[in-house]
Amino acid sequence: MGCNIMVVKRHLAAATAVFVALGAGTSLAVAQEASQSPVQTTAPSAAPQPAPAQVPASQGSSTQPVVSAPAAPAAVQTIPGMPPVINPANLYSETAPDHINPEVAQDPARVYVPNLRSNDVSVIDPATSKVVDRFPVGKSPQHVVPSWDLRTLWVTNNAEGTTNGSLTPIDARTGKPGPAVAVDDPYNMYFTPDGKSAIVVAEARKRLDFRDPHTMALQQSVETPDCKGVNHADFSIDGRYAIFTCEFGGHLVKVDTVNKTVLGYLKLSSGGMPQDILISPNGKTFYVADMMADGVFMVDGDSFKEIGFIPTGVGTHGLYPSRDGTKMYVANRGSHKIHGKPHSKAGGVTVIDFATNKIVANWPIPEGGSPDMGNVSADGKTLWLSGRFDDVAYQINTEDGSMKKIPVGAEPHGLTVWPQPGRYSIGHTGILR
């Protein structure tokens, strides 16, 4: 009997040793896997991590608890030529106020306002809240778009109803316009994250024209036949695809930016006129402003499926991230009409917390208004928006929502604020990363 007891003890000890060894081996494999870095990636900046989980040792064993390594945020494998994603948890990390390029910082602080009906650009000095310059551009200027390299501000003159579209370059250092470049139907413009192409959004043509980002020579066109009113876009965190809104069809279209092909269409469940679109800081969700649904749809970009909706206000239109990447400013234009009336009591701004997708503030326009497109100042303290039907620009304090109204030209649209912090621009009114 004593012999049998000794044999059993030896078997138990051996089994315990095997269990502990297997546990330690598993932890080592996890740690080794976590330490591997895929090509064309950048390790994310340090961030607080949750306390590591402890795996208890088997009862009766004197072995110390096995501690598993904390999971690090996955590095992002970007397309070749695209600047690395420094912080996968916040793709806007490099647009904080202290990340302004020294060369860009020398540019004069100005707000450039394209006036659609008066065919000119009003230039505001934000320090005095006064218009200090005004110059003519092409027919129907829609947006002022910072170039990928941050040295040129392009005015997109789509010449509504004609074939006389053009792009007017503004020298960011002098604030003065140069000779226009003839381009067909440039309603809006974006830049691929690798900086190799400008994408002219030819809204009336249902087409995306990939062009040389400097000369604007045509590289390739991508037809989007089922995207009526293609106009606004944002890019995935890795730069592999972009999602464009189709204003007059209630759709979205997903485009492969590397192979320059259409990947598919998505019909929004209850939408009618999708406008601006903005990706979340972690790159997982695309927010889509819809001026008929009066709110923001949430779409999973990778699966290309609608996952939620946030009601905000009448005529939801423009979307802009705060400088710290924690909030999104939503412009509600106050009307469902393309050409609305001034002084809408429904016009205002909604502030949404990215982490919770909850509304944290509402800022109505005093005496009514029509906030449309714009951007945030370099220090993050001011949100600038055009007053589309009121012929003004709104200078809004991001702390409390108080604001000033500055008279500009006729029907201001996609204004930009300059200079801005960041490494490169993907276009529109200055969405930087």
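Leaving out neighbours within four places in sequence, Leu208 is in contact (heavy atoms within 4.5 Å) with Ile199, Val200, Val201, Gln220, Ser221, Val222, Thr224, Val230, Phe244 and Val255. This is a predicted model, in which local features need pLDDT of at least 70 and side-chain atom pairs count only at pLDDT 80 or more, while totals for chains, interfaces and linings use all residues. Residues are numbered from 1 along each chain as its sequence is written, and side-chain values use heavy atoms, without hydrogens and water.

Buried means under 20% relative accessible area, exposed over 50%, and partly exposed in between (1.4 Å probe, protein chains only).

## Strand β8 and its partners

Five of the six residues of strand β8 (residues 166-171) are buried, so the strand is mostly covered. On one side of the pairing list is β7 (residues 152-157), joined to β8 in the antiparallel sense over six bridges; strands pair if DSSP finds at least two bridges between them. Here Thr152 stands opposite Asp171 in β8.

Strand β9 (residues 181-182) also runs antiparallel to β8, with two bridges joining them. Val181 in β9 is the bridge partner of Leu167.

## Glu247, a buried charge

Glu247 sits in the loop between β15 and β16 (251-256). Although buried, Glu247 has no salt bridge, meaning a side-chain nitrogen of Lys or Arg within 4 Å of a carboxyl oxygen of Asp or Glu. The nearest side chain of opposite charge, Arg333, is 5.9 Å away.

What does the side chain of Glu247 make a polar contact with? The partner is the side chain of Asn231, at 2.7 Å; a polar contact is a pair of N or O atoms within 3.5 Å, one able to donate a hydrogen and the other to accept it.

## Gly374 in strand β26

Gly374 belongs to strand β26 (residues 371-376) and counts as buried because its relative accessibility is 0%. Beyond four places in sequence, Gly374 touches Tyr320, Trp384, Leu385, Leu415 and Thr429.

Technical notes. Helix = DSSP H or I, 4+ residues; strand = E, 2+ residues; numbered from the N terminus. Lys, Arg positive; Asp, Glu negative; His and termini not counted.
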